[in-house]
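Work through the exercises below with the model open. Each task is followed by a stepwise solution.

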Amino acid sequence: MTKPRACSGRSPGKGRTILRFSVLSSGSKGNALFVESDRACILIDNGLSLRELKMRMAAVERNVTDLDAVFLTHEHSDHIRGMKLLLNKHGIPVYATKGTFDGARRHHDPFEKAQCIAREDEVAVGDLRIESFPTPHDAAESVAYVVRCGSLKLGHATDLGSSTPTVEARLKGMDVLLIEANHDPDMLINGSYPWSLKKRVASETGHLSNQTCGEMLSVLNHDKLQKVVLMHLSEKNNRPELALNHAHRALAASPVPVEVARQDRPTPLFAIR
């Protein structure tokens, strides 16, 4: 277990628990999510170069040397592209399923070591509890994560072609939902992708459409949900306003703020309490 400590840029809080996060990048060119408490800092995925990761973290007043661990969802390059140099330079512990680790070694510039976790598992890093659960995606052994700190819960689920009872059960009762809204079906079908790629994206092991994202949000909405972030929007097959319209309709009269994560810059460092 990582030694509990405070991340740079602030002092440990007193009293009420606070969980902070920034989506550093989300999309087919690279994915990275930063999450911190007052005693631990983690990344979920790193598809950014080390230089770009440092720039994105600096934009939210954090540093790569703050990181206590990295958790990987699956082995596709937009989620692991930056791992080898990050590990070589900083030696940060990495957690991944065996399928993800083996896939990374077979198909990409491999990194040397990962601590293997099960598709349904829990890892403690300081005062964070990171829980994995399986997702339907065309990868070897893909997972999503719930990050807990005290009573606070952040649910992160991207790169899944459909919802499942397991996914919905694990994402119920979240304070924050980071959920994929990858494509508009009409834009995908009428777009420039080759037919094989269109079928892959639209399949039950591909990526979530705006409509399916909205259906999930309508199921997962509850009176203590504090924020929704729409993730992994396609640059060619979606538009932020389309994704937002579906999310807002799904959340109906709920006052939950909805953000769209970007490929080209990080979100602010959001805090939940």
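## Exercise 1: contacts and core

Task: find which residues F21 touches, not counting residues up to four places away in sequence.

Solution. Contact means heavy atoms within 4.5 Å. F21 then touches L33, F34, V35, L154, V176, L178, K227, V229, P268, L269 and F270. The model is predicted: local features need pLDDT of at least 70, side-chain atom pairs count only at pLDDT 80 or more, and totals for chains, interfaces and linings use all residues. Numbering runs from 1 along each chain as its sequence is written, and side-chain values use heavy atoms, without hydrogens and water.

A nonpolar core joins buried (under 20% relative accessible area, 1.4 Å probe, protein chains only) Ala, Val, Leu, Ile, Met, Phe, Trp, Tyr and Cys residues through side-chain atoms within 4.5 Å. The largest has 29 residues; F21, I42, F71, L154 and L178 have the most contacts inside it. Strand β9 (residues 143-149) gives the most to this core, four residues. A second, separate core of 27 residues includes A181, L230, L233 and A250.

## Exercise 2: M231

Task: is M231 buried or exposed?

Solution. M231 counts as buried because its relative accessibility is 3%. M231 is found in strand β12 (residues 227-231); strands are DSSP runs (E, at least two residues), numbered from the N terminus. Among the residues M231 touches are V23, S26, H156, T158 and L178. Its C-alpha atom is separated by 24 Å from that of D68, 163 residues apart along the chain.

Methods. Buried < 20%, exposed > 50% of the residue type's maximum accessible area, 1.4 Å probe, protein only.
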